[in-house]
Amino acid sequence: MGKLNVVVIGYGRSGRDIHTRLLKMLPDLFEISAYVEADAERREMISRETGKPVYEDYTALSAAAGIDLVVNASFSQDHARISKDLMKRGFNVVSEKPAARDAEEFQTVLDAVRETGKRYYVFQQYRFAPGFAKLREIIAGGLLGRIVAINIQADNFARRWDWQTVHENTAGVLLNNGPHYVDWALALMGFPENVEVFAVMDRANYAGNGEDYAKLILRAPGAPAVDLELSACNAYPGDLFLVQGTRGTLKGNESSLTWKYFKPAETPALKLDTRPLRNEKGEPLYCREKLDFYEETWNADIGDRNPHEYDFTEKGLAYYRSLHAGFLSGDDFAVKHAEVMLQMKVMGAAHAQNKAVFT
Ligand SMILES: NC(=O)c1ccc[n+]([C@@H]2O[C@H](COP(=O)([O-])OP(=O)(O)OC[C@H]3O[C@@H](n4cnc5c(N)ncnc54)[C@H](O)[C@@H]3O)[C@@H](O)[C@H]2O)c1
């Protein structure tokens, strides 16, 4: 059973442009055998573009049909309900993010996983982003010292008017894009159970009542402080990543990183001197020294591809390659259920602090 037989629910931006595209790029690992699409025009499009059978409702799928995985790329507000029902009907599931509306609903999904024994994966492909993997490697290498603070700024200036702008649709920027970035933040913090959340939300450029500005400050004992911003009203976005450590700093994005650091072995030890500082003439002085910084850069090997396409494709392919390997071996998948639960709790805390925004 090398090749996994997949059914995709939903043929929208995700089901068509992400999952179908990625799975077709991995023909030795996956084969899409059918689709489920509620919209008649899109069912016609599926037939035209793929030639595969298409059902109007997932309840028409038969567990006896040799389907290994069902990709749930339906509307966000239906993810949990459909994923649970699919598992109860005997299917393994890949759920698009957000996995559920909140921690409470996600717990019901985990209960279904336990009760049915089915495999359940959340499509958090950003965990596999090459730039994020490189960033973690640099941090783990220790050159930057202890990491004090991390900024993740996923900003743009863009108006939006679709169903994902409506809070009640399990949407708003934190549930739309946030699962990826909160996952990054928590991964860099080491997924601490006792994370404190301070959140500010606002509405600027979404037509619906969902937030399109979210600023989260996260902290936990022994972990770097994280400042995560998701904004739809920043036409001057800074670096996606800024990492501040005791020996150096890193900045960059998914396809390019730059970091500078000093080497403690080459640098005089830091010694406290509380006397008023003076030079040899007795004149007052500020603390001043020249730290010898080393600077390095990493640029993803993107060839003539555009950086966004490179990143988006590579992380998706890496996700599916890893899922395929784990599916066959039975090994734990990189994106663990407990980690998604923590993400749900953090996003829930952020929403609870900003209820007035959605009225
Ligand atoms: N992981 C990512 O990077 C990423 C990117 C884009 C979207 N998404 C997620 O994918 C999900 C879908 O978003 P989208 O942008 O594709 O939406 P969309 O509006 O473009 O398409 C959704 C499609 O699913 C169909 N559909 C919805 N519920 C259905 C059901 N129960 N049965 C059959 N068909 C159904 C709709 O008819 C529609 O064609 C969202 O939850 C979104 O958060 C994830």
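Which domains does the domain assignment of the chain give? The assignment gives domain 1 (4–123) and domain 2 (128–314 + 339–358). These bounds come from an automatic or database domain assignment.

The model is predicted: local features need pLDDT of at least 70, side-chain atom pairs count only at pLDDT 80 or more, and totals for chains, interfaces and linings use all residues. Residues are numbered from 1 along each chain as its sequence is written.

**View 1. The whole chain.**
The C-alpha trace spans about 90 × 45 × 40 Å along its principal axes. The chain has nine helices and 14 strands. Helices (H or I, at least four residues) and strands (E, at least two) are DSSP runs, numbered from the N terminus. Of the 359 residues, 39% count as buried. Buried means that 20 or more other C-beta atoms lie within 10 Å of the residue's own; exposed means 12 or fewer, partly exposed lies in between, and C-beta atoms are placed from the backbone.

The centres of domain 1 and domain 2, taken over C-alpha atoms, are 32 Å apart. Domain 1 gives 12 residues to the contact and domain 2 gives 11 residues. Two residues are in contact if their C-beta atoms, placed from the backbone, lie within 7 Å. On the domain 1 side, seven residues are nonpolar, two polar and three charged. Here Ala, Val, Leu, Ile, Met, Phe, Trp, Tyr, Cys and Pro count as nonpolar, Asp, Glu, Lys and Arg as charged, and the others, Gly among them, as polar.

**View 2. The largest nonpolar core.**
This core holds 86 residues. Val6, Ile152, Ala185 and Ala214 touch the most other members. Helix α7 (residues 178–189) supplies the largest share, seven residues. Domain 1 and domain 2 both give residues to the core, so it lies between them. A nonpolar core is a set of buried Ala, Val, Leu, Ile, Met, Phe, Trp, Tyr and Cys residues joined through C-beta atoms within 7 Å.

**View 3. Around Ala214.**
Neighbours within four places in sequence are left aside here. Ala214 is then in contact with Val173, Leu174, Gly178, Ala199, Met201, Leu230 and Ala350.

Two strands pair if DSSP finds at least two bridges between them.

**View 6**
β8 and β9 pair in the antiparallel sense over seven bridges. Val197 has Leu218 in β9 as its bridge partner. β9 and β10 are also antiparallel, over six bridges. Leu216 stands opposite Leu228 in β10. Five residues lie between the strands in the β9 and β10 hairpin, where Gly222 takes a positive phi near 80°. Strand β7 (residues 147–155) runs parallel to β10 (residues 225–231), joined by seven bridges. Asn151 stands opposite Asp227 in β10.
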